[in-house]
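Welcome! Take a look at the model, then read on.

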Amino acid sequence: MGVVESLSAAASPALWCQTFFVGAAATVVLVHVVPPELRDALLEYGARRSGDQGPAAAKRAGKGPESHGAAATRDGGLVASLAAVARQASVPHSWFWHYYLVCVSWTAFWAWQYVRKAPVLQTVARAQVEADARSGSLSVELSRVFIAWSMLAVQGTRRLYESLCVTRPGKSPMLLIHWVLGLLFYTTMNVAVWVHGSGAILDTSKAALPADLLSPRVAWALALFLAASWKQNECHHHLANLKKYTLPSRGMFRYIVCPHYTCECAIYLAVAFLAAPPGGLFNASVLCGLSFVVVNLGATAHGTKAWYAEKFGSDSVARRWKMIPFVF
């Protein structure tokens, strides 16, 4: 427990969560300013990493009209070497389901910690309560902590099922850094959903399920969460039933290039809204996690639209939003 207490002395557990999420989001943004060859190696994902289709692949291979810059780095250049390492440090795309196994496992772990009043949760919660006392922050109601916990468990379980039984795993590799970042995201999010309710978790004198369950905030958050979950499931079924490299065109795909990403953002927005402390509109830690989701998936959606335009013609996706209607 000494490690947890030492980290908590420097900053609250909630601040550690927020720092990780914002730092991860900033890293994704910074990747866009590195040289194009390295940027492509770090950002290309799934089918777009196949390396054998379209002018983008030709440019990477030094065969396109913009290959004059590649010649300077192709033979031992630092950028080319880093790009090569990034592409080689990969894992099977089928490992995507690991994210959701980790999410469900951590949810079960923290629930077990709560039921048993085990030391890990108790130590983290006490550190957060001490930080809240210094800042004057109030704890989230225990009922809403439980609901937010359950929402994350439902999301992780559904996505684990979809990854194993619905989605057809791609043959293209996934960067090792993407895999590690995903595992860290779900690990941190599993703390973020309850850490602002640390005071209520430690206060055993209060009823576990007060009347706050009937509040409009809970109703609106659950409605958004359930609607987004249902539509995301529809999107994944549609993608799974497509013929290889066919342009998605049913349901929300008629208007948005990556509506399953839109739904993912809506799901975490619902959790952030539900788990807000008294006087707050959103849970700051979950909201920081949402910022990473928006930046990370937004970069992928941007690349997906460009790839669709290259493969199916720009007119096929010209009128579709990338991820967020009327915004992006």
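Let us begin with Tyr 268: leaving aside residues up to four places away in sequence, Tyr 268 touches Leu 152, Phe 185, Tyr 186, Met 189, Val 286, Leu 290 and Val 293. Please keep in mind that this is a predicted model.

**The nonpolar core**
- The largest nonpolar core has 67 residues.
- Tyr 268 is among the members that touch the most others, together with Trp 149, Phe 185, Met 189, Val 193 and Trp 194.
- As general background, nonpolar side chains in soluble globular proteins tend to be buried together.

**Aromatic rings**
- Tyr 268 also belongs to one aromatic cluster, formed with Phe 20, Phe 21, Phe 96, Tyr 99, Tyr 100, Phe 185, Tyr 186 and Phe 292.
- Across the whole structure, a search finds 25 aromatic pairs.
- One of them joins Trp 95 and Trp 179 in a tilted arrangement, with 5.2 Å centre to centre and 55 degrees between the planes.
- Trp 95 sits in the loop between β1 (90-92) and α7 (97-116), while Trp 179 is in helix α10 (residues 176-195), so this pair ties together parts 84 residues apart in sequence.
- Trp 95 counts as partly exposed because its relative accessibility is 30%, whereas Trp 179, at 18% relative accessibility, counts as buried.

**Charges over rings**
- Arg 217 places its charged end over the ring of Phe 273, 4.4 Å from the ring's centre.
- Lys 231 lies over the face of Trp 230, at 5.0 Å from the ring centre.

Definitions and conventions: Residues numbered from 1 in each chain as written. Predicted model: local features only at pLDDT ≥ 70, side-chain atom pairs only at ≥ 80, totals over all residues. Heavy atoms only, no water. Phe/Tyr/Trp six-rings, centres within 6.5 Å; stacked < 30°, edge-to-face > 60°. Helix = DSSP H or I, 4+ residues; strand = E, 2+ residues; numbered from the N terminus. Buried < 20%, exposed > 50% of the residue type's maximum accessible area, 1.4 Å probe, protein only. Lys NZ or Arg CZ within 6 Å of the ring centre and 35° of its normal. Core = buried A, V, L, I, M, F, W, Y, C linked by side-chain atoms within 4.5 Å. Contact = heavy atoms within 4.5 Å.
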